[in-house]
Amino acid sequence: AYDRYVAICKPLHYGTLLGSRACAHMAAAAWGSGFLHAVLHTANTFSLPLCQGNALDQFFCEIPQILKLSCSDSYLREAGLVVVGACLGLGCFVFLVVSYVQIFRAVLRIPSEQGRHKAFSTCFPHLAVVSLFLSTGIFAYLKPPSISSPVLNLVVSFLYSVVPPAVNPLIYSMRNQELKDALWKLAQWKLFH
């Protein structure tokens with residue numbers, strides 16, 4: 001979102017605001033915080049005593065599923081880490097929303113229709129991928145327990161962990177006219193053959 005914000009709202013400063021050093025700092029911050037978050041969860045999870053076996057109804061070990069197997073009060077530490085992670089995620093979400101509000105305000109001030117279309121077309125792939133990831137993740141973790149079942153949990157966790165990364169390249173390449181033409185031909189061939 002920051003890349004698009006600078007490109008649209010401060011295009012003359014793009015080179016200085018998003019030089020190789022700034023990109024390296026942002027990548028290091030993202031990787032470092034992700035690594036720290038993973039190490040904290042992993043260390044805490046391995047310290048939990050499991051008294052209900054160790055079999056999960058998932059295709060990978062999710063923290064909420066592991067917490068259900070714990071039989072001690074030490075799960076409160078993990079719940080605290082989940083809350084901290086949720087707060088960090090909320091902070092990123094707020095940054096994303098504020099960035100896009102600024103972007104949309106700047107785009108709507110562009111006088112030409114073609115200029116607005118070009119600016120919006122640079123933002124929509126990112127918004128589509130983020131929306132897909134957030135909507136499936138929110139449904140996975142915030143769905144009511146009344147509609148929860150092992151099969152639904154498995155399907156939903158598959159959807160939010162596999163589908164967004166799988167469709168990410170497709171969504172980002174939809175700006176490519178050759179890909180659009182190829183998909184249109186494929187759709188027509190499937191419908192009529």
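1. V151 is exposed in this predicted model, with a relative accessible area of 61%. The cut-off for exposed is over 50%, so V151 falls in that class. V151 belongs to helix α7, which runs over residues 150-172.

2. How do the axes of α6 and α7 cross, and how close do they come? Helix α6 covers residues 113-142 and helix α7 residues 150-172. Their axes come within 9 Å and cross at roughly 175 degrees. Because angles over 145 degrees count as roughly antiparallel, α6 is roughly antiparallel to α7. On the α6 side the contact is made by P125, H126, A128, V129, L132, F133, T136, G137, F139, A140 and Y141. On the α7 side it is made by V156, Y160, V163, P164, V167, N168, I171 and Y172. Sorted by class, the contact of α6 with α7 has 15 nonpolar and four polar residues, and no charged ones.

3. Is G137 buried or exposed? G137 is buried, as its relative accessible area is 14% and the limit for buried is under 20%. From G137 to L159 the C-alpha to C-alpha distance is 8.5 Å, at a sequence separation of 22 residues.

4. Two residues of helix α5 (residues 75-108) can be read together. S99 lies in this helix and counts as buried, at 6% relative accessibility. Leaving aside residues up to four places away in sequence, S99 touches A1 and Y5. F95 is also placed in α5, but F95 is partly exposed, with a relative accessible area of 47%. The C-alpha atoms of F95 and E113 are separated by 28 Å, and the two residues are 18 apart along the chain.

5. What does the secondary structure of the chain come to? The protein chain has eight helices and zero strands. Along the sequence the pattern reads α-α-α-α-α-α-α-α.

6. On overall dimensions, the radius of gyration of the protein chain is 21 Å, whereas a compact globule of 193 residues would have one near 16 Å. The C-alpha trace spans about 65 × 55 × 30 Å along its principal axes.

7. On burial and surface, 24% of the 193 residues of the protein chain count as buried. G137 and S99 are in the buried class. The accessible surface of the chain is about 13,200 Å², and carbon and sulfur atoms account for 70% of that surface.

8. What share of the contacts with a separation of 6 or more comes from residues 24 or more positions apart? In the protein chain such residues account for 55% of those contacts.

Definitions and conventions:
Residues numbered from 1 in each chain as written. Predicted model: local features only at pLDDT ≥ 70, side-chain atom pairs only at ≥ 80, totals over all residues. Heavy atoms only, no water. Axes fitted to C-alpha atoms, helices over the stretch in contact; angles between N-to-C directions. Helix = DSSP H or I, 4+ residues; strand = E, 2+ residues; numbered from the N terminus. Parallel < 35°, antiparallel > 145°, perpendicular 65-115°, else oblique. Contact = heavy atoms within 4.5 Å. Nonpolar A, V, L, I, M, F, W, Y, C, P; charged D, E, K, R; others polar. Buried < 20%, exposed > 50% of the residue type's maximum accessible area, 1.4 Å probe, protein only. Rg over C-alpha atoms; globule rule 2.2 N^0.38 Å. Areas by Shrake-Rupley, 256 points an atom, 1.4 Å probe, with all protein chains shown as cover.
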